Amino acid sequence: MKQVLLITTALTLAAGVTYAAGLDRSGQGVNIIFEEGTAAQLSYSLIDPSISGSYAGTVSGDIGQSYGLPQLSFKTAITDTSDLALIYDQPYGAHVIYNPAYALSINPNDITGKYNLRAEAKTHGLTAVLRQKLYNGFSVYGGLRVQTVDTNIAVPFVNGYTVTSDSPTDFGYLLGTSWENPKIAARVAVTYNSKITHTLRASETVPNVVSTTTPVDIETPQSLNLDFQTGIAENTLIFGTARWVNWSDFDYSPPIYASVTGGASLVGYENDAITYTLGVGHRFSDAFSAAFQVGYEQSQGNLVSNLGPTDGFWSVGVGGTYSQNNFQYSGGIRYIKIGNATTDIRSAPGASFSDNSALALGLQITYRFEKRT
């Protein structure tokens with residue numbers, strides 16, 4: 001059972017490539033800390049969303065731009081009871097571009113020009129995690145996260161408004177606890193990730209009116225991850241996750257945009273989000289295992305931002321893992337049905353988005369420096 005646990009842990013990361021509410025991307029997982037001995041892990045996910053809608057007789061085009069998510073992790077045992085892991089990921093992001101002919105891509109001060117309603121945001125995070133094993137399968141862990149944020153947003157229908165921003169490196173932390181029973185391939189882990197406050201250097205421009213750079217505070221949200229897995233039969237286990245993210249406290253309101261729009265937020269969310277996954281994995285041989293997974297996030301039914309016009313989803317995914325010597329190769333594919341959404345146009349219902357979906361692919365390579373028995 002222990003081997004099933006280890007193989008499917010890697011498989012879950014590949015088959016469950018992330019898609020979730022708000023700007024959530026990597027899911028901030030720390031499963032590498034549970035690997036035995038010393039291990040290095042490289043993973044890459046490619047997400048291809050297909051998202052379109054319409055407003056005022058115009059169509060948005062496919063606004064969902066494909067994006068890749070790299071992650072690099074290293075873990076080593078310091079002593080028989082303590083472990084250290086380093087994790088690089090891109091925890092939050094956005095990438096949407098609208099058709100120039102779309103109503104909200106048109107600058108009222110230059111109706112013949114070609115503009116795009118668009119948003120691009122990226123974060124980079126580096127996390128150090130220290131784990132201490134206790135008694136009877138329990139352990140505690142915690143660490144420090146360093147993070148940066150960059151954004152590039154254009155809202156042409158607000159008099160040609162644009163804003164770009166970046167941040168210095170800022171810090172947060174994580175705390176967690178876990179329980180394991182290798183005899184039945186069981187593990188339960190709970191991880192809290194703190195919010196991180198960034199003071200962005202926001203450069204706002206309204207053509208022929210104002211151009212200024214001011215400091216603007218944002219907070220990437222606090223979150224809580226619950227991960228579990230347990231054997232249910234020989235060479236078979238179930239696994240799942242629940243992730244809560246405090247999106248209702250997120251707000252990005254650069255001063256010029258707020259002034260021009262009467263106090264509106266450029267990006268904000270009304271509700272927190274909880275994302276669920278549940279799957280089953282089976283080891284078919286010493287070298288190969290496979291898993292099937294479903295995912296769900298409830299639609300909230302509220303008006304959403306034009307820069308993220310989705311509301312909930314359900315998904316299905318499959319994947320496989322092949323082990324050879326000290327290497328482990330994992331791959332997975334996931335289909336995501338995105339919930340219908342209505343966007344907010346200055347506190348009134350705006351564009352309608354429906355029948356949208358995404359396809360996610362994931363690859364992962366794990367190398368263990370010691371031969372596993």
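Okay, let's start with R25: its charged end sits over the ring of Y67, 3.5 Å from the ring centre. For "over a ring", NZ of Lys or CZ of Arg has to be within 6 Å of the ring centre and within 35 degrees of the ring normal.

Quick caveats. This is a predicted model, where local features need pLDDT of at least 70 and side-chain atom pairs count only at pLDDT 80 or more, while totals for chains, interfaces and linings use all residues. Residues are numbered from 1 along each chain as its sequence is written, and side-chain values use heavy atoms, with hydrogens and water left out.

Now, rings with rings. Phe, Tyr and Trp rings (the six-membered one for Trp) pair if their centres lie within 6.5 Å; planes under 30 degrees apart are stacked, over 60 edge-to-face, and the rest tilted. That rule gives 15 aromatic pairs. Take W314 and Y335: the centres are 6.1 Å apart and the planes are at 65 degrees, so we call that edge-to-face. Those two are 21 residues apart, with W314 in strand β20 (residues 313-324) and Y335 in strand β21 (residues 327-338). Strands here are DSSP runs of E, at least two residues, numbered from the N terminus. The cut-offs are under 20% for buried, over 50% for exposed and partly exposed in between, with a 1.4 Å probe and protein chains only.

Y367 and F369 are another edge-to-face pair, at 5.0 Å centre to centre and 85 degrees between the planes. Y367 is partly exposed at 27%, and so is F369 at 44%. Ring pairs also link these two with F74, F327 and Y329 into a cluster.

Next, D311, in the loop between β19 (288-297) and β20. Is D311 buried or exposed? Buried, at 8% relative accessibility. Its side chain reaches the backbone nitrogen of Q300 at 2.8 Å. Leaving out residues up to four places away in sequence, D311 touches Q298, S299, Q300, G301, N302, G339, N340 and A341, where contact means heavy atoms within 4.5 Å.

Searching the whole structure turns up two cavities of 30 Å³ or more. On a 1 Å grid over the protein atoms alone, a cavity is a set of points where a 1.4 Å probe fits but cannot get out, and lining residues have an atom within 4 Å of a point. Points are joined across faces, edges and corners, and the volume is the space filled by probe spheres set on them. The second largest cavity comes to about 30 Å³, and its lining includes F34, Y141 and D227.

Technical notes: Helices (H or I, at least four residues) and strands (E, at least two) are DSSP runs, numbered from the N terminus. A polar contact is a pair of N or O atoms within 3.5 Å; within protein, one must be able to donate a hydrogen and the other to accept it, and residues adjacent in sequence count only if both atoms are side-chain atoms. On a 1 Å grid over the protein atoms alone, a cavity is a set of points where a 1.4 Å probe fits but cannot get out, and a pocket is an open set with protein on both sides within 12 Å along at least five of seven lines; lining residues have an atom within 4 Å of a point.
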